[in-house]
Amino acid sequence: MSLRIVVCVKYVPDATGDRRFAEDFTTDRDGVDGLLSELDEYGVEQALRIAEAAGDGAEVTVVTVGPDDAKDALRKALSMGADKAVHVNDDDLHGSDALATSLVLAKAVEQAGFDLVVCG
């Protein structure tokens with residue numbers, strides 16, 4: 001039996017950049033570079049350690065909800081050693097609150113299949 005680990009990750013604006021809001025009062029993602037959240041990097045690292053300790057067959061999948069640029073966060077996690085990435089990208093989710101985003105994320109995690117979910 002293989003261990004399936006899912007890590008929830010977030011693409012966030014660079015804290016050193018000039019952050020501001022767009023006209024619709026959401027974060028202006030076009031005006032600042034983004035990156036994989038530092039806290040989520042820790043989650044990916046921990047998942048990779050658990051997978052390594054579990055031995056052959058353990059698999060780490062990273063999941064994110066976000067715009068096209070969120071692929072950069074997934075690429076970073078894959079470069080760290082994650083095996084798979086799932087990107088939920090739907091324009092209808094733009095401006096969603098935490099509850100709506102969490103429901104979409106939960107469904108994506110469920111469809112990915114998991115034994116363990118790690119969050120940063």
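**A walk from the cysteines to helix α2**

With a cut-off of 2.5 Å between cysteine sulfur atoms, the disulfide count here is zero. Select C8 to see a case: C8 takes part in no disulfide, and the nearest cysteine sulfur, that of C119, lies 4.0 Å away. Now click on C119, which is in no disulfide either; its nearest cysteine sulfur is that of C8, at 4.0 Å. Keep in mind, as you look around, that this is a predicted model.

Colour the two cysteines by accessibility next. C8 has 11% relative accessibility and so counts as buried. C119, at 53%, counts as exposed.

From here, select strand β1, residues 4–8. How many of its five residues are buried? Four of them are, so β1 is largely enclosed by the rest of the structure.

Then bring in strand β6, residues 116–119, which runs parallel to β1 and is joined to β1 by four bridges. In β4, V6 stands opposite T61, while in β6 its bridge partner is V117.

For the last stop, move to helix α2, residues 71–80, and show its buried residues: A73, L74 and A77. Why do they sit on the same side of α2? They cover an arc of only 100 degrees around the axis, which puts them there together. Finally, step past the helix to G81, which follows α2 and has a positive phi, near 130 degrees.

Technical notes. Residues numbered from 1 in each chain as written. Predicted model: local features only at pLDDT ≥ 70, side-chain atom pairs only at ≥ 80, totals over all residues. Heavy atoms only, no water. Buried < 20%, exposed > 50% of the residue type's maximum accessible area, 1.4 Å probe, protein only. Helix = DSSP H or I, 4+ residues; strand = E, 2+ residues; numbered from the N terminus. Arc of directions from axis to C-beta. Pairing = 2+ DSSP bridges.
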